[in-house]
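Please read it alongside the sequence and the model.

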Amino acid sequence: TNRLHATIADINFEGILANASGVHCQTKEELAELLASPYVATAVTKSSTKEVRTGNPKPSYYEFEQGSINSMGLPNNGFDYYLDYVSQDHSQKPVILSVASLSMTEGIELLKRVQDSDFQGITEFNLSCPNVVGKPQVAYDFETTHQILTEVFKFFKKPLGVKLPPYFDFAHFDQMADILNQFPLSHINSVNSIGNGLYVDVETEASVIKPKKGFGGLGGAMILPTALANVRAFRERLNPDIKIIGTGGVTSGEEVFAHILCGADLVSVGTELQRQGIGLFEKLQHELLMIMNEKGYQSIDEFKGQLKTM
Ligand code: DOR
């Protein structure tokens, strides 16, 4: 059916669900498992760096009732590994190549290699990793973000989106949207984890992950309102040809519906995918279609971005 579909940079997606980068996407086997699910529209690779990285010391991930905290530190098999995977044929299902940016020169070097490769799909530039010690989240620095994108679009001609951190102020939504609207971006992906939260276990009187004395990115159910605010705020501000991948706080079809109502074209799932595994996607699609049936919607086009306000 085409009740659930999306288009980003003229690439068609059958279905609207994806993994959030970082979850179930570090190996080719995990990526293949995602693509094999009929309920998954696309798979996003783990954000890659020039060199292979083992990531931060463990434990670097912890789940609690309301969500998760992570300080993985970009463990990945290296850029070449993922470029090789996305360059293979995946029987018509699009794949999204996520590229990290440990430094401006490295990010630009990797994107040049994407530009020079045979890969014709969508690349997503991660400007929002909160977990590498000494490397602030790029997209909280508006000037640097503008500068990087200016350099990148001098040579990059393929579909390119950016993964953004959550913003919490209208001045920041305005400023970032003004910057993004200056470039031919395929999409934004909002949001990355809420950076540098601290989960405290009262019984042990301790933090729960090892890196950065327990500070890490928050994900899962508790970040839903922040994720929806970012999707909505950017949908209201960005050029209509910049599409939105909504990420954050999805645990059931209801939150998928809410993301679409706020303007998401695709919806991706991290913490709950980590918790439940790939079977989650069938449940999410089933629940979304049930809600649409009850409301009498044939296609997501009938309610996408149509949030009512008072
Ligand atoms: O929460 C996150 N964790 N966001 C990222 O962008 C990277 C990841 C990690 O590897 O630390």
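A nonpolar core is a set of buried Ala, Val, Leu, Ile, Met, Phe, Trp, Tyr and Cys residues joined through side-chain atoms within 4.5 Å. The model described here is predicted. Its largest nonpolar core has 83 residues, and L180 and F234 have the most contacts inside it.

**Nonpolar cores**

- Another core, of nine residues, lies apart from it and includes F64, I69, I194 and V208.
- Leaving aside residues up to four places away in sequence, F234 touches L164, Y167, F173, M176, A177, L180, I188, S190 and I244.

**Helices α5 and α6**

- The axes of α5 (residues 170–180) and α6 (residues 224–237) come within 10 Å and cross at roughly 50°.
- The two helices, α5 and α6, are therefore oblique to each other.
- The crossing in which α5 passes α6 is right-handed.
- From α5, the residues F170, F173, D174, M176, A177 and L180 meet A229, N230, A233, F234 and R237 of α6.
- The residues of this contact divide into eight nonpolar, one polar and two charged.

**Y297**

- Y297 is found in the segment after α9.
- With a relative accessible area of 25%, Y297 is partly exposed.
- Between Y297 and R3 there are 8.8 Å in space, C-alpha to C-alpha, although the two are 294 residues apart in sequence.
- Not counting residues up to four places away in sequence, Y297 touches R3, F257, M292, E302 and F303.

Key:
Residues numbered from 1 in each chain as written. Predicted model: local features only at pLDDT ≥ 70, side-chain atom pairs only at ≥ 80, totals over all residues. Heavy atoms only, no water. Buried < 20%, exposed > 50% of the residue type's maximum accessible area, 1.4 Å probe, protein only. Contact = heavy atoms within 4.5 Å. Axes fitted to C-alpha atoms, helices over the stretch in contact; angles between N-to-C directions. Helix = DSSP H or I, 4+ residues; strand = E, 2+ residues; numbered from the N terminus. Parallel < 35°, antiparallel > 145°, perpendicular 65-115°, else oblique. Left-handed = near helix turned anticlockwise from the far one by under 90°. Nonpolar A, V, L, I, M, F, W, Y, C, P; charged D, E, K, R; others polar.
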